[in-house]
Amino acid sequence: MFRFSEIVNTTSPLPDEELLEAVAEVMTSQAPDGDSHIPAGYTYLGQFLDHDLTRDVTKNLTFGTVGVTPEQLEQGRSPALDLDSLYGAGPAINPEFYETDRIRLRVGSTKASNFNDKDNRDLRGFDLPRLGSLASEPTDARKAHIPDQRNDENLAVAQTHLAFIRFHNRVCERLSAAGTPSAQLFERARESVTLHYQWLLVHDYLPRIVDPAIVHDVFRRGRVLFERQAQGFPTMPLEFSVGAFRLGHSMIRDVYDWNAFFSPEGDIGDFGTLFNLFIFSGTSGNLSPTPDPDNPLDGEFERLPSNWIADWTRLFDFVEAGVPELAPETAVNFARPLDIRLTDPLKNLPLGSFGARNPAGPQIPRDDKRRNLAFRNLLRGRMVSLATGQELVAAINAALVGVGRSGEQITPLSRTEILGTEFGTLSPAQQDFLATHTPLWFYVLREASLNLINGQPGTGRLGAVGGRIVAEVFHRAIEGSRISLLANPGFSPRLGAVQGVFRMADLLQVAYDASAGELRPLSPAAPRPSLQSLPSGDQQVVVRNLRLTTPLLVGSDVSALQRALNRAGAQLVVDGSFGALTEAAVRQWQGRSDLVVDGVVGLRTRFSLGLQRLLRLQSPRQRGDDVTALQGALERETQVRLQDADGRFDGVFGPRTELAVRTLQGASGLLVDGIAGPLTLRALELVG
Ligand code: HEM
C-alpha cells in the first residue's frame, strides 16, 4: 500500500490551538486579490496534480487529535505523478470510468441553460461524466463519475480534470489514426499522456511556482534531502502534503473573469466568484444556484449548466504560448501572489469540500474554525507533529554537507521577516513562538513572498525551503512512476505546436478543437461548436458509418454493432474494434437481409440490426437519448421551442416534437410524414 513518511522527526514543542487559530484568522482576513505573474489556470493544475499525488484517507481520526504518526495515516493515492486520479486502476479494474471500448475515458454533457444561442443546448464533452441514474442514493446523482471526487470540488479543478480526459481521448484518436492496433491503444496513449504531463510539470508548471534555479539544480544534480538514494516506490512526506504543497491555497482568487457570461463585461455579470465555482461543482455544491449548497438534495440542475463552461483563454496565456488568435476577449486572470494571505471565502469552506456534508445530522455552523482552510492546514500540522520551518533549514543544510556541498548552506528567515507587519495582535509570547517554531506551511509562504524577482511585486516563488521540498518530491514522484520521464531521457514532446515544447496551452489545444470554438464555446465571436466534432460520450447519438479500415475503427458504436450481430447469430468477441471477423459477420447479415453486401454499416444496415430506430409519435411514447438529441437538433434548426421551463429537453417524442419534425421536413424538401427516419436524421446532421 501507499505510505506517508516524514523527512524530519521534529523535536520542537507543538504550537497550541489558540495560537494557530489567531494566525489563521490573520491569514484569512480580507486579503485583497492582487495579481501574481502566474496565469490563474495554473492554480487548478496545481490542485489537480496534488490530487494525483496525495490523499489522506485515514478513518476514525478526530480532527485535532495530536501525536499522529505517518504509520497511522492512510495514503489513498500512489505518491507518483502517474495520473491515477485520472485513470483509476485502469480499464480492466475500473471499467466504469471508461467508454465501452475500454480505451477512451468517459465525458459528460452540460445542460442547456437557455440564456442565448450559445448556451441553449446540451453540449457533450464539456462537463465531467456524472453518476445520474446510476447513483444508488439520490444524494449521489450529481457526483462526478471519476476516480477522485476532490477533482469536482470546484468548477475550475473539475474543468481541468475534464481537459485531461479529453486530452487522453484525443491522443487515442491520433494514435489510432496513425495505425496503433486497438489492443495496444490504451497503454500507448497512457504512456504518451503521462510523459507529456510530466514534461509540462517540470518545464511549464514548476518554474512558475518554484525558483527556477532550484528546479534546475534538483533535476540536473539530483535530490539531496528526500529519499536521496531510495529504491522502489516513493512515499509521500508530510512536509509536502501538510506543509509545502498547500502553497496553492494562497493562489486562489476571490473572483474570476470566468467566461463570456460571468465576467465584469459579460452577459450576466461579475459572478465568476470562488463561491460560485464551489456551487457549480458536484462535491461542494449542487451544480445549481441553491440557497443551501451544503444540502446535496437541493437545486434543479444535475449537470453543469452550459453557461458555466470554462473559457480557457482567460485562464492560460495563449499569446505567451505563441497563439495570438487565442488572446482572451477581456484579459487573462492571474493567480493571487504567493504569500501568507488566503482569500476571504476560504475562511468558510463549503462542507462538501472537506467531506463534512451531513444533511440528516448536525452541521458544522458557518464561521466555525473547522471551516477555515488556514486553520485546518495549521491544525493538521500540529496533529502530525510537523517539523518547523527552522528544522527544515537545518535538515537541508545537513543534507548539503552530507553530499559535499557545504558551501551552499541556506540561511533561515529572520524574526522580522517571519513576523512581518501583520501579527501585532498576538501576545509577545505568541509572537516569540511563531518566530522561532514557525509552522512549515506558513514558513514556506512567507519565504515565497520575500523571494521576489528583481524586487517586483507579485513575482514571489517558493525559495530555499519550500522550493527544495517541492522540487525534490516532484523528482521522486516522476522517478517512481511506472511511466517516467526520468527513465526516458530522450523523450521530447511531440504533441505541441512546436516540437520539443509542451505547455498547458498546448495540452488544451490538443484536448479542444480551437478552430471549432471549443476553448471558449460561449464567446460571441467563437464558432458554435459542432456537436459532431465533440468527443463521444456514452450518450453518443451522432453516428458514423462503420467499415473495415486501416487503422481499425474502435469505439462503443463498434461494440454495440458486435453485440447486435451476436444477437443475430454471429460469435464475435465484443472488443469494440472493427476487424476482419466483424466485417465478415456484417456481410453475412447483409446477405441474409437482402441488403447490398458491402461490409459497410450505413443507415440501412443499422436500422435492420435494430441499432437505430425510426423516431415517431406513437403510444406508448418513445423516450431516450436519441430523442433528446433529436429535440436539441430540431430546436436549433427549426426554432420550434422544445425545451421545458427549466431549459431541459425531456427526451420524449410527443406532439410538439412531431410538429418540429414536420417543420424541418417541409423546409428541407423531404416527405412530410413526421417520422424521423434516415433522411430526416441526415438533414439534421445526426448521422454520418
Ligand atoms: C478552491 C481550491 C481549494 C480548496 C477549497 C482546497 C481545500 C482543501 C481542503 C479542505 C483540504 C483538506 C484540509 C485538511 O483537513 O487537512 C486540502 C488539502 C490539500 N490541498 Fe487544497 N484546496 C484547494 C486548492 C488547492 C491547491 C491549488 C493546491 C496546490 C497547488 C492544494 C493543495 C493541497 C494539498 C497538498 C492538500 C493535502 C492533501 C492530502 O494529502 O490529503 N489545494 N485542500
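Which domains does the domain assignment of the chain give? I looked this up and found domain 1 (556-608) and domain 2 (625-683); such bounds come from an automatic or database domain assignment. I read the C-alpha centres of domain 1 and domain 2 as 29 Å apart.

I note that this is a predicted model, in which local features need pLDDT of at least 70, side-chain atom pairs count only at pLDDT 80 or more, and totals for chains, interfaces and linings use all residues. Residues are numbered from 1 along each chain as its sequence is written.

**Overall build.** I find 21 helices and four strands in the chain, taken as DSSP runs numbered from the N terminus (helices H or I, at least four residues; strands E, at least two). The radius of gyration is 27 Å, close to the 26 Å that the globule rule gives for 688 residues, so the chain is as compact as a globular protein of that length. The radius is taken over C-alpha atoms, and the rule is 2.2 Å times the number of residues to the power 0.38. Along its principal axes the C-alpha trace spans about 90 × 50 × 50 Å.

**Ligand shell.** I looked at the 22 residues around the ligand, of which Gly46, Thr54, Asp56, Ser241 and Gly248 come nearest; a residue is near if its C-beta atom, placed from the backbone, lies within 6 Å of the molecule. Helix α2 provides the largest share of this shell, four residues. Both α2 (41-53) and α9 (373-383) supply at least two residues each.

**Cores.** The largest nonpolar core holds 156 residues, and Val444, Val470 and Leu508 have the most contacts inside it. Helix α5 (residues 182-209) gives the most to this core, 13 residues. Apart from it I find another core, of 16 residues, including Leu630 and Leu686. A nonpolar core is a set of buried Ala, Val, Leu, Ile, Met, Phe, Trp, Tyr and Cys residues joined through C-beta atoms within 7 Å. Buried means 20 or more other C-beta atoms within 10 Å of the residue's own, exposed 12 or fewer, partly exposed in between, with C-beta atoms placed from the backbone.

**Backbone checks.** I found a cis peptide bond from serine 619 to proline 620, with omega near -5°. Proline 620 sits in the loop between α18 (603-608) and α19 (625-638). Aspartate 367, not a glycine, has a positive phi of about 70°. I place aspartate 367 in the loop between α8 (274-279) and α9, and it counts as exposed because it has 9 C-beta neighbours inside 10 Å.
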